Amino acid sequence: MKTSALSLLLLLFFGSCENEVDSHYDRPDWLEGSVYSILEEKGNFSMYLEAVDSTLYSRVLNGAGNYTVFAPNDAAFTKFLAEKGYTNVRQIPKEELTKIIGYSLVYNKFESSRLGDVLKSSEWIVGNSIKKNTAYYKTIYQEQVNGKTEWVVDNLKEATAVVTPYKYLPIFTNTYFQTNGLNSSDYTHFYPNTNFSGLNIPGGSVLAKDIHAMNGVIHEVDAVPYPLENIDEVLKHEENSMFKSLLDYQTDGTYLFASYQEYKALTEVYKDLYPDRNINSLYVKKYAGLVYSPNIEEYTMSGSTFNSEEQGYTLFVPSNEAMSEFINNKLLKYANSISDLPTDVLTNFIKAHQADIMVWPSKYKVAQNGNSEFFNAAGSTGPSFEEDGITGKYVASNGFVYNIDHVIKSRYFETVYSEILLNPEYTWINALLNNTLTSLRDELMKSSITGELDHNVNIVIPSNALLAADGYDYNEIDKTYTNSNVLGTITKDDRIRRLLRSGIFMRVKNEDINAEIVDFSGSPELGYDGFGYAVNDYGDMVRFKDNKLQAMGNILSNEWVEVTELATLNNGKVFSMDGLLQYSPRTTDPSNVAGWEERRLYTTISEYVAQNPDASLFKNYLDKTLHGVDSNGNPVLTGISNSGFYTVLVPQNDQMEQAIADKVLPALANVTDANIAAKKQASDFISACFLTGTVLPDDGVPAVMPGNYANYTISTVYKVNEPSLDLIAEKTSMEVTKPGGILKFAPKSITEGNTVKVEGINEATVIRGITKSNYMGARSVIHAIDKYLAFKAHVQ
């Protein structure tokens, strides 16, 4: 009895204490309820909660945590069910419900005012966020790997645990749009049936915001957030099949871009995780060699300060019809199949359609691809987003996908370089451009596509066969050239570079001036027996007529190089040739050093004077001042480099006599070693006739080419030494103009303030005629001029 009474007493006592403890720790009435309970109280989220109850997320919404919940109301769910063909929530498979609920939950609590911001290092970066990390991630899936159906997971790095490539939910906010200069059309282009409210999700708006709960914040939305496909998943749509086939292309059983790496440890993890899926091997998938990997959910661009909330990728996908046409007419112009193409051809093609940022419609005109090319092929002057054949728009979980009715124009396939890249006859030149002359290759690819609207270039390409006939061979393994025939001081590498650049002509073409070489038919209007003239990329002059060309070596060998147009491209034309443009008489003198080395300038001047007796006085003064010989007996000119480029201006005999009469030039008889003053005056006069650094042709173009100079200043060899004027080795220069397309030269005075220290005397125009001007030499040209040109120091 006593025991029973004591036991009851203790039970009552401890029961009373327990009730008091429970009462003490009861949840205060003023504290918000859980997300689940608040949605339940609201009464218009019954379908969403029914979906929640069918998943494990019911614990999340009832328990502890810190989430942002984009909760679709019943009206949104009713619309979703109708679109998907379901009668009620119960008909939706559990796996789908898990996707829907997980994708509606964003990690961490974001009030509406912070949805467009990013938290970095405990500091909010306003207006930088376009998407938020959700609780849903893509798990393993099946895909064809080397012809077999295998289990695959998306990842960038080696993994030994469960891989969770979380999906991001785009949040379109006023904050982000204003910060990034976007407008409402940047949203409505993707979702034309939804107005931009300044707080949108894909296809919907936030109706009621900032509903606080103990475990997060709720934003009511009028659309069901459904997990977006990533770019790689979008590519699996039928309309993208031809582009996708290039990404998946294999040659000799090896993927060019896709990579499937089997991981044993990861396989065992997933075998335990999914025992019913019969997993034998698990492959981690990624892509290599491209701007980005289309299946990567995170933003991982090297060197970028952006994270996945702030940025994403963009892919433009041509239609299957456009792909077929481009492959057949361009990529396979010289190849039998895609497998015959170098890998970099396909790489550059795919990169032309990728951008490592999200390209918004309003920013389309300035957007560039992975090859640094404008998507619209012209930049700000080109077509807008609405005008450029974009047939579909898709917001992916990791960026944007645009379907287009054309292939994006790339400098690799639309410029003169494309012929070198794709034509197997030019593989040696292509290797040279890619291995050692990359800056020249880039010049050949400049066009409106890269923003250089004025750039024009014509190229005459030496083929493998022509180079082989010259003695060249190319080792593809060590990427080196050999030429056992080369003699003299020239090296095989220098020679092949010069041979290539001899046929490249950089010009300008715009509304103000069109210096394009349409063809090589000649220029009868110039008065040089129908010849046209141009300076090549090396700096040598070339003349042409009737689609036949001659460089200096061809003239010396009395041979012609006939050219045939191969293609007209975005930035110029490409021609084939039946011989090499030679700078030396290689063809007629192949076994001697003289046949391989360019002719010296003094020899060219001597030949010029032999054909132009009116220039004899100039030659006489030259011989008494600048002319000499080196230790090997070769002619040299004082102050003139054998490797320099020169334009030589030759006054006619009557003008030389006028210079003597004007006391600008001493009489020839007075020019002796004993008469130092007279020899110096004569030497200075002759040196001023040598313009250094550039070969200037009389080509009829109203601007100096290469380049585009209405006024061009060029130094002379003459340097002023007048201590009384405080001038020591002071350079002199000529101003070059081309009124009416005719070359004119004027010495530039040297002044200090309003004081003229050295006066430039006269101005002169070239005298046209086949033997008079445009007389070509190696790295040089000689022009007859109608006035003498000189500099007169005003000695104090």
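**Exercise 1. At what angle do H22 and helix H23 (residues 616-625) pack, and how far apart are their axes?**

Before we start, a word on the model: it is predicted, so local features need pLDDT of at least 70 and side-chain atom pairs count only at pLDDT 80 or more, while totals for chains, interfaces and linings use all residues. Residues are numbered from 1 along each chain as its sequence is written, and side-chain values use heavy atoms, with hydrogens and water left out.

Step 1. Two packed helices are described by the angle between their axes and the distance between the axes. Here the helices (H or I, at least four residues) and strands (E, at least two) are DSSP runs, numbered from the N terminus. Axes are lines fitted to C-alpha atoms, for helices over the stretch in contact, and angles run from 0 to 180 degrees between N-to-C directions.

Step 2. For H22 and H23 the angle is about 150°, and the axes are 9 Å apart. The two helices are therefore roughly antiparallel to each other; angles under 35 degrees count as roughly parallel, over 145 as roughly antiparallel, 65 to 115 as roughly perpendicular and the rest as oblique.

Step 3. Now look at who touches whom, where contact means heavy atoms within 4.5 Å. From H22 come Tyr602, Ile605, Ser606 and Val609, and they meet Ser616, Lys619, Leu622 and Asp623 of H23. By class, this contact has four nonpolar, two polar and two charged residues. In this count Ala, Val, Leu, Ile, Met, Phe, Trp, Tyr, Cys and Pro are nonpolar, Asp, Glu, Lys and Arg are charged, and the others, Gly among them, are polar.

**Exercise 2. Find the partner of Lys285 in a salt bridge, then locate both residues.**

Step 1. Recall the rule: a salt bridge is a side-chain nitrogen of Lys or Arg within 4 Å of a carboxyl oxygen of Asp or Glu. The whole structure has 40 of them.

Step 2. Lys285 pairs with Glu143, with the closest N and O atoms 2.8 Å apart. Lys285 sits in strand S16 (residues 282-287) and Glu143 in strand S6 (residues 141-145), so the pair links distant parts of the chain, 142 residues apart.

Step 3. Both Lys285 and Glu143 are buried. Buried means under 20% relative accessible area, exposed over 50%, and partly exposed in between (1.4 Å probe, protein chains only).

**Exercise 3. Trace the salt bridge between Arg779 and Glu598.**

Step 1. The closest N and O atoms of Arg779 and Glu598 are 2.6 Å apart.

Step 2. Arg779 lies in the loop between strand S40 (775-777) and strand S41 (780-785), and Glu598 in the loop between helix H21 (593-596) and helix H22 (601-611), so the pair ties together parts that are 181 residues apart in sequence.

Step 3. Arg779 and Glu598 are both buried.
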